[in-house]
Amino acid sequence: MTNNWLRPLGSTGLTVSAVCAGGSGIAGMPAVFGYDVTTQEAVDLVLRVFDSPLTWIDTSNGYGDGAGETRIGQAIREYGGLPEGFLVATKVDARGRDYSGARVRASVAESKERLGLDDLPLVYLHDPEAHEFEYMRDAVDTLMQLRADGEIGHVGLAGGNTRELSRYLDLGGFEVLLVHNRWSLVDHSAGRIFERARAEGIAVVNAAIYGGGILANPAGATKYAYREAPAELLQTVAEMDAACREYGLDLATAALRHSLDDPGIAGTVVGISKPARVDTLLAARDADLPDELLNRLGNLLPDRRYWVEKETT
């Protein structure tokens, strides 16, 4: 069983569970995930999360064009308010190509209305690498001003391209760094930016630990981080899967624990769309992973090669 289930979120003063419920899937985006989630299914899932040891959920203004936040807001109302100590983390998003300061303010206002919350304790700047860096300065300044004015609690930075994210960290002011698809059993390309964040007192949050599904469903998935995986990666995944099965475990458990057991990672975001998945996560949290298995998995990638892109070199 892993230790330190409740962890400080960097220097924010917030305390969170080691696993954060990922709310993108419950927004109902079949074009992205290949399956749909109804409003009732989403609400039932969030209610289950509220009654579990998980103490936070991650969402975004743009998930399902706002449906993700709306569904979480409905669950909050049905529950009679947020459980004590529970945190909803959301993200500001562009509308089309508009990522102006005015759009950031509108995004925060929309999130508050959908969620039914006046207090947003953590708001991320979401996927800024999709826009020109200089254009985004107004968005960054506005988000920082919203914090200074008490409109939001803490400011985070969320994205995938670590080279671009480093440019934003250079601006200062960010308190939490969320990176997706760059720290998993088969990809350590977020290593340098994670080290930097920790050295600067910025909390590290790790997302998309299954690489978009291949480490959770090794028999059926062929993509890593939304791209077709190279043959050598597929072979490595197959070898890892076989090693886990020898010990009566599944690869998804090892993939979760790879992030969860890292003391430098404050939170691991795991997408959940069904209530039963909460129990599966908790079972993985408590599973006994023999040292022999962990050594075998580590030895399968002795050079820690970067599968996504060599962004940090």
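Colleague: In which strand does Asn-206 lie?

Modeller: This is a predicted model, and in it Asn-206 belongs to strand S9, which covers residues 203-207.

Colleague: Is Asn-206 buried or exposed?

Modeller: Buried means under 20% relative accessible area. Asn-206 has 0% relative accessibility, so the residue counts as buried.

Colleague: What lies 3.0 Å from a polar atom of the Asn-206 side chain?

Modeller: The backbone oxygen of Trp-183 is found at that distance, 3.0 Å. Trp-183 is also one of the residues that Asn-206 touches once those up to four places away in sequence are set aside.

Colleague: Which residues is Leu-125 in contact with, leaving aside its neighbours within four places in sequence?

Modeller: On that basis, Leu-125 contacts Val-92, Tyr-99, Met-136, Ala-139, Val-140, Leu-143, Gly-156, Leu-157, Ala-158, Tyr-168 and Phe-174.

Colleague: On to charged pairs. How many salt bridges does a search of the whole structure find?

Modeller: For a salt bridge, a side-chain nitrogen of Lys or Arg must be within 4 Å of a carboxyl oxygen of Asp or Glu. The search of the whole structure gives 15. In one of these, the side chains of Glu-69 and Arg-114 meet at 2.9 Å, N to O.

Colleague: Why does the pair of Glu-69 and Arg-114 tie together parts that are apart in sequence?

Modeller: Glu-69 is in helix H3 (residues 67-79) and Arg-114 is in helix H4 (residues 101-115), so their pairing links parts that are 45 residues apart in sequence. Glu-69 is buried, at 0% relative accessibility. Arg-114 is buried as well, with a relative accessible area of 18%.

Colleague: What other salt bridge does the side chain of Arg-114 form, and with which residue?

Modeller: Arg-114 also meets the side chain of Glu-110, at 3.7 Å, N to O. Both residues lie in helix H4, 4 residues apart, which is about one turn of the helix. Glu-110 counts as buried at 17% relative accessibility.

Colleague: Which residue forms a salt bridge with Asp-286?

Modeller: Arg-285 does, and the closest N and O atoms of the two are 2.9 Å apart. Asp-286 counts as partly exposed at 33% relative accessibility, whereas Arg-285 counts as buried at 11%. Elsewhere, salt bridges with shared partners join Glu-69, Arg-95, Arg-103, Glu-110 and Arg-114 into one network.

Colleague: And at the surface, which residues form a nonpolar patch?

Modeller: A residue needs over 30% relative accessible area to be part of a patch. Val-32, Phe-33 and Tyr-35 form one, with about 270 Å² of accessible area together. Phe-33 is placed in helix H1, residues 30-33, and is partly exposed, with a relative accessible area of 33%.

Notes: Residues are numbered from 1 along each chain as its sequence is written. This is a predicted model: local features need pLDDT of at least 70, side-chain atom pairs count only at pLDDT 80 or more; totals for chains, interfaces and linings use all residues. Side-chain values use heavy atoms; hydrogens and water are left out. Contact means heavy atoms within 4.5 Å. Helices (H or I, at least four residues) and strands (E, at least two) are DSSP runs, numbered from the N terminus. Buried means under 20% relative accessible area, exposed over 50%, partly exposed in between (1.4 Å probe, protein chains only). A polar contact is a pair of N or O atoms within 3.5 Å; within protein, one must be able to donate a hydrogen and the other to accept it, and residues adjacent in sequence count only if both atoms are side-chain atoms. Patches are made of residues with over 30% relative accessible area and no salt bridge: like charges are joined within 9 Å, nonpolar side chains (Val, Leu, Ile, Met, Phe, Trp, Tyr) within 5 Å. Accessible areas come from the Shrake-Rupley method with a 1.4 Å probe; for residues, only the protein chains shown count as cover.
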